[in-house]
Amino acid sequence: MTATRASLSPGRAGAPLHLRGAEARRIALAAQGFSRPRPTAVGTRQLNLALARMGVLQIDSVNVFARSHYMPLFSRLGAYETAALDRLLFARRAPYVEYWAHVASFIPAEDWSLFGFRMEEFRARHASSDGDWMTAHRDVVAWVRAELADRGPLRPADIEHDARRATRGPWWDWDAVKQSLEYLWLFGEVAIAGRRGFERRYALAEQVIPADILATPVARTDAIRELIRRAARAYGIATASDLADYWRIRDRRAVLSALDDLVDAGEVVPARVEGWTSAGRPARAWLHTDAARPRRVDAAAILTPFDPMVWFRDRAERLFDFEYRIEIYTPAAQRRFGYYSLPVLIGDDVVGRVDLKADRASSRLLVQSAWWENGHPADAAERLADELTTAARWQGLESVSISRWGTATDDLAAVMPDAQRHESTGPEPTPLADDELSG
């Protein structure tokens, strides 16, 4: 694969750079690491490099195949030891910490102060007047702070036990204790000090975040500019809406101001992408000046719905002409593609989707449904079969079974003669609510 970094200076009179749709797609894939061959071995260095390229790793509770935060690394690096990622993310004094960055996500601990403006926004929304929840429950909040100060990092079960035995008054309502922890986390007073299994351990921020980071606040304008700079690098080519969504920044004026500063600094250049429109007109886009512009990308990967490549559905549709919705909450009889369908990347395009389930009792990877998009290449079945075999091995499953639902299932069965067949029936697991991510 050959990549170029051609002159990115805008045309005459500041005219934007023009890119073809396929070129923009390859730029975006390369920026996220999909133009690179997978390493023969995956260790801490490879995990850190992939995490640095994304800048953020979204957390989600659904575990029907694999927890979502494990998937982006698998998509980019292939089969790896998830325990190695756990050690990076969950160890005491880990270099990564959880915060509401895209949504609930892992970020480098050193980036904590970049979200100070968001912490202040959450505080203004939930703790600025007498009618707010935090004010109404000030006694519970004060008790939670004191518990963490006295005892250090605690699991929810530890806090719940003490809440129910509290001698300073009647039993605390456990929901109020848990809500206090979540609000204090959003405000930046509490941080997550790792997990046991997938259960959070809560602590005061100063017990987790290095003192020099807490002592160095970042002004809102500077923080948004830095976050947009990082999103531009992570995406390669993007609209303002794409860049804002990377960190869920709702202040469009601040995003556009940050982009003006980055253009002036020569870090991004205005661009137009063939086929990218907004309100019927060509959409404004920006290209990062360090973005690789590969002539060819030949990737093969199964993506989580919460991968930066597809997590913003408008961008996925622009890049890949791929309309994507998760059907977890759709009644089974009304689902078009399955409970938890995962996009399939082959070459430089999303060419299908598969609904996967790890049946650990029978040690099988169940392909509950599989579908092709229009224009999938002739070798798509073989390459997807290889990914499914790798995915099963990665999850410690001994075999693959393919259902009969979907336009791609027979093609997969034809190239996987050792695979079993099954009917995709039976109840699906109930997804956890957002506040159950802590438990």
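Start by selecting A31, A52, R53, R233 and A234: of the 24 residues lining the second largest pocket, these lie nearest its centre. A pocket here is an open set of points on a 1 Å grid over the protein atoms alone, where a 1.4 Å probe fits, with protein on both sides within 12 Å along at least five of seven lines; lining residues have an atom within 4 Å of a point.

This is a predicted model, where local features need pLDDT of at least 70, side-chain atom pairs count only at pLDDT 80 or more, and totals for chains, interfaces and linings use all residues. Residues are numbered from 1 along each chain as its sequence is written, and side-chain values use heavy atoms, without hydrogens and water.

Now color α1 (21–31), α2 (44–54) and α11 (220–235), which each give at least two residues to that lining. Helices are DSSP runs of H or I with at least four residues, strands are runs of E with at least two, and both are numbered from the N terminus.

Pick out β3 (57–58) and β4 (96–100), the edge strands, and find the open, antiparallel order β3-β5-β4. Two strands pair if DSSP finds at least two bridges between them. β3 and β5 (residues 104–108) pair over two bridges, and Q58 stands opposite S105 in β5.

Last, click P270 in strand β9 (residues 268–273).
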